[in-house]
Amino acid sequence: MTLASLMSDRATHLFGVLLAVTGNLIISISLNIQKYSHLKSAHQGSQKPYFRSVLWWCGSLLMAVGETGNFAAYGLAPITLIAPLGCMSVAGSAVMSVTFLKENLRSSDLLGVTLAFAGTYLLVAFAPNITQDVTARKVQYYFVGWQFLAYVILEILIFCILLYCYKRKDMKHIVILLTLVALLASLTVISVKAVSSMIILSVKGKMQLTYPIFYIMFIIMTASCIFQVKFLNQAMQLYKTTTVVPLNYIFFTTSANIAGIIFYQEFLGAALLSAFMYLFGCFLSFFGVVLVTRNRENEHSQQSYIDFGQIPGKQMLDKIQPEANGQTYGTLPDESNSTKSPGKEKKDI
């Protein structure tokens, strides 16, 4: 293989990384726009459904653009390079929530974002630099290979056992739910890379869409995505977001890497040092995501006090706390009784 060919492949991989990072940052912007839309509706006391908000739809459109970037990235670079870059979405969301939503900036946020960026650098630097066009014939060859067949059989057995525990035994532990998501995610990334690669090759003039394997992979991609979202939503309903997000990122990345290594043989012939540094980069990204999301929801759940400042003619004995189950913002002490008994009659504001 010539030096020019190697440089060209490296440039293609870096372009895929750029697409993935940009896509994940766009997704983090979309999430913050949707969150701002919900906060704005709550502040205005609007009873309209969230999907009637223009801001919410803008966020949804940006999310679709970001996911499209991720989809294209899988067709340009190895799974083991693209999958861990999801940490950019978590880190970017933390930075933007501080900048635009005026949330508190914690020291753990700074450390987590720094570790996520450091891990991303190691992932890009030491990820496998494989050079292969994922054609329909090659996907067919991998699809019937003994490595993938053994992997799928084992995965189906584990999935059925966990699904039985979840449905029949009513075991709703977060590890069970997110393992179900991760097992489906491994099929998702395999099929996404296959579909994306075949579409890109077809656009370049090497038609791949006439092969049945393209449509088989498309069906696998669609079905696994649907059920993956279903189990992930159930986990979000049962557990805190700050618990689900980091664990899901760790489980998804691990599952995606295993799938890429087994199906596409992405670490075949890789040096031991490169593999170690890659794993260390994954660890830094995992730890960074955990730090960014740690205890963030607990801060949001605390009720804040509203300080009205100096109100002429009123003696303020304390700050005003919003009533938990009402539409009013607490009470002010009655001026006539404020000096006698602060705990007695109060006027609603």
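Modeller: Buried means under 20% relative accessible area, exposed over 50%, and partly exposed in between, with a 1.4 Å probe and protein chains only.

Colleague: So is S196 buried or exposed?
Modeller: S196 counts as buried because its relative accessibility is 2%. Before we go on, this is a predicted model: local features need pLDDT of at least 70, side-chain atom pairs count only at pLDDT 80 or more, and totals for chains, interfaces and linings use all residues. Residues are numbered from 1 along each chain as its sequence is written, and side-chain values use heavy atoms, with hydrogens and water left out.

Colleague: Where does S196 sit, and what is S196 in contact with?
Modeller: S196 is in helix 8. Leaving aside neighbours within four places in sequence, S196 is in contact with F71, A72, Y74 and G75; contact means heavy atoms within 4.5 Å.

Colleague: Zooming out, how many helices and strands are in the protein chain?
Modeller: The protein chain has 12 helices and two strands. Helices (H or I, at least four residues) and strands (E, at least two) are DSSP runs, numbered from the N terminus. Of the 349 residues in the protein chain, 41% are buried.

Colleague: Which residues have the most contacts inside the largest nonpolar core?
Modeller: Those are Y74, V139, M217, F263 and Y264, in a core of 51 residues. Helix 8 (residues 174-203) gives the most to this core, with seven residues. By nonpolar core I mean a set of buried Ala, Val, Leu, Ile, Met, Phe, Trp, Tyr and Cys residues joined through side-chain atoms within 4.5 Å.

Colleague: And what is V139 in contact with?
Modeller: Setting aside neighbours within four places in sequence, V139 is in contact with V134, A194, M198, I213, M217 and F263. Apart from that core lies another, of 14 residues, among them F159, I176, A235 and V244.

Colleague: Now helix packing. At what angle do the axes of helix 9 and helix 10 cross?
Modeller: The axes of helix 9 (residues 212-238) and helix 10 (residues 241-263) cross at roughly 155 degrees and come within 11 Å. Axes are lines fitted to C-alpha atoms, for helices over the stretch in contact, and angles run from 0 to 180 degrees between N-to-C directions. Helix 9 and helix 10 are therefore roughly antiparallel to each other, the word for angles over 145 degrees.

Colleague: Which residues meet there, in helix 9 and helix 10?
Modeller: M217, Q228, L232, A235 and M236 in helix 9 meet T241, V244, N248, F252 and F263 in helix 10. By class, that contact of helix 9 with helix 10 has seven nonpolar, three polar and no charged residues. Ala, Val, Leu, Ile, Met, Phe, Trp, Tyr, Cys and Pro count as nonpolar, Asp, Glu, Lys and Arg as charged, and the others, Gly among them, as polar.

Colleague: How do helix 4 and helix 5 pack?
Modeller: Helix 4 (residues 87-100) and helix 5 (residues 107-126) pack at about 150 degrees, with their axes 10 Å apart. That makes helix 4 roughly antiparallel to helix 5. C87, M88, A91 and V95 in helix 4 meet V113, A116, F117 and T120 in helix 5.

How values were computed:
Parallel < 35°, antiparallel > 145°, perpendicular 65-115°, else oblique.
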